[in-house]
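Dear colleague,

Please find below the structure that I am handing over to you, followed by a summary of what was found in it.

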Amino acid sequence: MNKIFLGVIDDFAEEQAKGFDLNHSGSDTFFIVRSKNKLFAYKDSCPHYGDTTLPWKRHHYLNNVAEYIVCAAHGALFQIENGKCIQGPCLGQKLTKVPIEISEQNEIWIDQTIIKEFNL
């Protein structure tokens, strides 16, 4: 199988984010947010400065009221549903969306070709 199992939808509480370190390098390379009962996956990299990760602490990708994804280094705010920056130094830019798959059993998967393509 060319896919990696990431968990099930119920592993994510509403308005929660979780980072993933598939290479076991000690640093998450992408994250998934559950918002309004949908999942959104993005590369863990601020568009303002490409190799800066977003959270101040592991899995802490959202602001304190869980309305936006936040870059702790730059203070940028991103819309959860499309990754667009609405405040901060990268205004108008977007986070890189990462394609994930959800099975009929609510399992979350990522294809290994996506991992290679996005350097995750």
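With 120 residues, the chain has a radius of gyration of 14 Å, which agrees with the value near 14 Å that a compact globule would have; this radius is taken over C-alpha atoms, and the globule rule is 2.2 Å times the number of residues to the power 0.38. The C-alpha atoms fill a box of roughly 40 × 30 × 25 Å along the principal axes. Please keep in mind that this is a predicted model, in which local features need pLDDT of at least 70 and side-chain atom pairs count only at pLDDT 80 or more, whereas totals for chains, interfaces and linings use all residues. Residues are numbered from 1 along each chain as its sequence is written, and side-chain values use heavy atoms, with hydrogens and water left out.

The chain has 1 helix and 9 strands, and along the sequence these follow the pattern β-β-β-β-β-β-β-β-β-α; helices (H or I, at least four residues) and strands (E, at least two) are DSSP runs numbered from the N terminus. Among contacts (heavy atoms within 4.5 Å) between residues at least 6 apart in sequence, 44% join residues at least 24 apart.

Of the 120 residues, 42% count as buried, where buried means under 20% relative accessible area, exposed over 50%, and partly exposed in between, with a 1.4 Å probe and protein chains only. Leaving aside neighbours within four places in sequence, Leu62 is in contact with Glu15, Gln16, Ala17, Val33, Tyr68, Ile69, Val70 and Ile80.

Glu15, one of those partners of Leu62, is found in the loop between β1 (3-8) and β2 (16-20), and its phi is near 60 degrees, a positive value in a residue other than glycine. Glu15 is partly exposed, with a relative accessible area of 29%. Asn106, in the loop between β8 (101-102) and β9 (107-111), has a positive phi of about 65 degrees although it is not a glycine, and Asn106 is partly exposed, with a relative accessible area of 42%.
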